[in-house]
Amino acid sequence: LPCCDQGAVHAARADAVEVVVGRIGRAHGIRGGVGVEVRTDEPERRFAPGSVLGTEPASAGPLTVALARWHGNRLLVTFDEVADRSAAEALRGVSLLVDVDPDERPDDPEEHYDRHLVGLAVHGLQGDLLGQVTEVVHLPAQDLLAVTLGDGRQVLVPFVAAIVPEVDVAGGRLVVD
């Protein structure tokens, strides 16, 4: 059960949600290219040439994607506004944001955006209320759901179909085994 756009959700326009889709890493080359730590399962969509990305901090952008290509397992991006290596190095650590419709869903029904999972009620197989999803934690090996239990304790639940057999975003709940 993979997650799509990852990371924090920021307040945006009333009709949109601003979502983190990447973080700028080190500069690449002398013409202003940067490596991007991708935080979306849709990089070809979010980093398409011509895409305008917001930034955190806001003073670093917005940035317009001129070119994006994979170099091994690393996404290299060139922005129209970044002319040289010095400008690229100044962007290191900047988060890249996109505005999305709050009702937007991934194409794959087995995928879920983090923002749709946070807040879901967590039920056991017998229907008993266990707690609420408070965060989605992304690790290299797998995603985890941070669940706050009724007594205030927090537990981490591996977000895999064998342990989370049902996700009902519309119904505001998920089931864990």
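**Salt bridges, a pocket and a histidine**

Q: Glu 42 and Arg 46: buried or exposed?
A: Both are buried in this predicted model.

Q: What does Glu 42 form with Arg 46?
A: A salt bridge, with the closest N and O atoms 3.5 Å apart.

Q: How many salt bridges are there in the whole structure?
A: A search finds seven.

Q: What about Arg 85 and Glu 89?
A: They form a salt bridge too, closest N and O atoms 3.1 Å apart. Both lie in helix H2 (residues 85-90), four residues apart, about one turn of the helix. Arg 85 is partly exposed at 34% relative accessible area, and Glu 89 is partly exposed at 44%.

Q: Which residues do salt bridges with shared partners join into one network?
A: Arg 23, Glu 37 and Arg 39. The side chains of Glu 37 and Arg 39 meet at 2.9 Å, N to O.

Q: Switching to pockets. What volume does the largest pocket have?
A: About 160 Å³. Its lining includes Arg 23 and Glu 37.

Q: Which strand gives the most to that lining?
A: S3, with four residues. Strands S2 (17-28) and S6 (74-79) each supply at least two.

Q: And the lining by class?
A: Three nonpolar, three polar and four charged residues.

Q: Last one, His 123. Where does it lie?
A: In strand S8 (residues 121-123). His 123 counts as buried, because its relative accessibility is 14%. Beyond its neighbours within four places in sequence, His 123 has contacts that include Asp 128, Leu 130 and Arg 173.

Technical notes: Residues are numbered from 1 along each chain as its sequence is written. This is a predicted model: local features need pLDDT of at least 70, side-chain atom pairs count only at pLDDT 80 or more; totals for chains, interfaces and linings use all residues. Side-chain values use heavy atoms; hydrogens and water are left out. On a 1 Å grid over the protein atoms alone, a cavity is a set of points where a 1.4 Å probe fits but cannot get out, and a pocket is an open set with protein on both sides within 12 Å along at least five of seven lines; lining residues have an atom within 4 Å of a point. Grid points are joined across faces, edges and corners, and a volume is the space filled by probe spheres set on the points. Ala, Val, Leu, Ile, Met, Phe, Trp, Tyr, Cys and Pro count as nonpolar, Asp, Glu, Lys and Arg as charged, and the others, Gly among them, as polar. Buried means under 20% relative accessible area, exposed over 50%, partly exposed in between (1.4 Å probe, protein chains only). Contact means heavy atoms within 4.5 Å. A salt bridge is a side-chain nitrogen of Lys or Arg within 4 Å of a carboxyl oxygen of Asp or Glu.
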